[in-house]
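Hello,

The structure we talked about is below. My notes on it follow; please read them next to the coordinates.

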Amino acid sequence: MNIRQLIDSRVSQALTDAGVPNDTPAVIKPSNRPVFGDYQANGIMGAAKKIKTNPRELAAKVLDCLVLSDIAEKVEIAGPGFLNIHLKPEWLSQQLDQTLDSKTLNIEQVKTPQTIVVDYSGPNLAKEMHVGHLRSTIIGDAIVRVLEFRGHQVIRQNHVGDWGTQFGMLIAHMNSLQSSSDELSMKLSDLEAFYREAKKRFDDAPDFAEAARDYVVKLQSGDPECHRLWQQFIDISLQHCDDIYARLNVSLNREHVMPESAYNNDLKQVITDLGTADLLTEDQGAKCVFLEDFKGKDDKILPTIVQKSDGGYLYATTDLAALRYRHQTLHANRILYFVDARQSLHLNQVFTIAKKAHFVPEATQLEHLAFGTMMGKDGKPFKTRAGGTVKLIELLKEAEQRALALVNQKNPDLSEAERLLVAQKVGIAAVKYADLSKNRSSDYIFNWDSMLSFEGNTAPYLQYAYARIQSIFRKANTIDLQAALILDEKTEKQLAVKLLQLSETLETVVKDSTPNILCNYLFELAGHFMSFYEACPILKTDNEAMRNSRLKLAHLTATTLKTGLGLLGIDTLDRM
RNA sequence: GCGCUUGUAGCUCAGUUGGAUAGAGCAACGGCCUUCUAAGCCGUGGGUCGCAGGUUCGACUCCUGCCAAGCGCGCCA
């Protein structure tokens, strides 16, 4: 059940019956102030303009045609022609009872499920994951969970970078350490250091650089020994990723890995097919696609190079092969890319070429969900003190440590084991939520103090709200979920309405791939609960019916919080 | 030069197809723990929504121009 949709269909019908053209939107929104009721219809003014009539008069006409008495206790005309809708407490109770009985919280599955390919995380396996991979990984994962919850078929694709010139250097370095394999495996436990060593040798020693280039050629020509070393490196690197995903509570695993190298055999064919589609131009020895849609300096058309003059392929070629695979083999209706905003031009070029070459049909939705860079407190890209990239694993460890210090201070009575668990859950949640709760498109400032201050719109605040409810249940012993809901107090009714708005929230999240909308909802829900909690005694009331009703509201809040946080990939705790 | 993104309170950010008095949190100030977890609640102060025009009953939102910041623009990914 989706309140906004329900009211929308009723008001739209009334608009039609009042003589307004069919396609006029009713514009239903939650009211921005309590005096304006629970929902408001804003579409009448626009409709009045369209048919050149007085908006107040049209509002009266629409109100006459409007059938809403089953869900609303009062609908009134206000201001220049708003309809303010006050929902019936009995109807709210009835809907909440249905929520309680439903596995999906009274939220219907989508009528036409899509096959949605989601491309996210995509680390470069030559190095360890660093903070630059965080946003794609957690935003993508949250959206994946929401899409699945709504009933779509989601195919995760972790397009990891496992190919390219840098692997020649790494293999050469591995090979020179072969003599003592203990040393090799030890060194590979810190991939970042391993990469630096290899890079240093590549830059400093011409012999080594020569060998590295030979290895690239060998690797590409399928040399078995070289391939074995490469595979060994890739396995270790993927293991590092798996560890991070597990620690981050991200749903990616090996099954979702579809590396760049998987497309190697198709690259030649991609070029051939681009030629057949008459899109290919040779320029200075390189094979390019020139598209009118993309112009650069002096209005000159920008090329997308798909094959270098030395015959090598580029990431545009691989991305085209991947798009084709996602259409032909995975049968995607919609493909989402959670990729850094800086790749916007590249992806737009690839999308356009793929459609022109008929690698994917026109109807397939291709979306680049761009996000900004993670900045430090100073507004510059987030780095270590020494100016290096911050390893993701180090960041997560620090989050847990900082959270532990806080738990020790806030709740020293918990056992050590429990404090460690709380620190782990809260620390990770804080990092994830700080990112998820912000608008995707802008750069975002990473600040330990604000995310772990545990005040305001943060994960710990939401987890705390949940833990508080669990504490009530421990003291209550039994809850009667059959009890009638009584929504007399203002805070009770507001909480009830909020509880029922998860559905319309998820509708928006799915449409725009914006997890911050869900964060915002959960923050408001928790806020409404806190107000209710302060205003309405639950266990302290003598009135048995009221106690049961309030316990039930608390139960519904807990369930909704847990579900919502779960969709963000954030765990709840019974105690903190 | 061209393109993309961003510009809202001292700071970090919301603001959903144009709607009523632009909202939170932090920071500041003032209240609330013998009472269900004070990681909380209630309240006060704080705004030229980058600037200037335009569209209209109505603009933070749409259009145009300008200013500022970040990023991208041929053989890395």
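**Helix pair and RNA surface**

H19 and H20 run roughly antiparallel to each other, because their axes cross at roughly 160 degrees and angles over 145 count as roughly antiparallel. This is a predicted model. H19 covers residues 502–512, and its axis comes within 8 Å of that of H20. The crossing of H19 past H20 is right-handed. On the H19 side, the contact is made by Leu502, Thr505, Leu506, Thr508 and Val509. H20 contributes Pro515, Ile517, Leu518 and Tyr521. By class, the residues of this contact are 7 nonpolar and 2 polar, with no charged ones.

H20 (residues 515–535) also matters for the next topic: with 8 residues, this helix gives the most to the surface near RNA strand B. There are 67 residues around RNA strand B, and those that come nearest are Asn439, Tyr464, Arg468, Tyr533 and Lys540. The residues of the surface near RNA strand B comprise 31 nonpolar, 16 polar and 20 charged.

- Cysteine 536: a backbone N or O atom lies 3.2 Å from a base nitrogen.
- Leucine 539: a backbone N or O atom lies 3.0 Å from a base oxygen.

Regards

Conventions:
Residues are numbered from 1 along each chain as its sequence is written. Chains are lettered from A and ligands numbered from 1 in the order in which they are written. This is a predicted model: local features need pLDDT of at least 70, side-chain atom pairs count only at pLDDT 80 or more; totals for chains, interfaces and linings use all residues. Side-chain values use heavy atoms; hydrogens and water are left out. A residue is near a molecule or strand if one of its heavy atoms lies within 4 Å of it. A polar contact is a pair of N or O atoms within 3.5 Å; within protein, one must be able to donate a hydrogen and the other to accept it, and residues adjacent in sequence count only if both atoms are side-chain atoms. Helices (H or I, at least four residues) and strands (E, at least two) are DSSP runs, numbered from the N terminus. Ala, Val, Leu, Ile, Met, Phe, Trp, Tyr, Cys and Pro count as nonpolar, Asp, Glu, Lys and Arg as charged, and the others, Gly among them, as polar. Axes are lines fitted to C-alpha atoms, for helices over the stretch in contact, and angles run from 0 to 180 degrees between N-to-C directions. Angles under 35 degrees count as roughly parallel, over 145 as roughly antiparallel, 65 to 115 as roughly perpendicular and the rest as oblique. A crossing is left-handed if the near helix is turned anticlockwise from the far one by less than a right angle, and right-handed if clockwise. Contact means heavy atoms within 4.5 Å.
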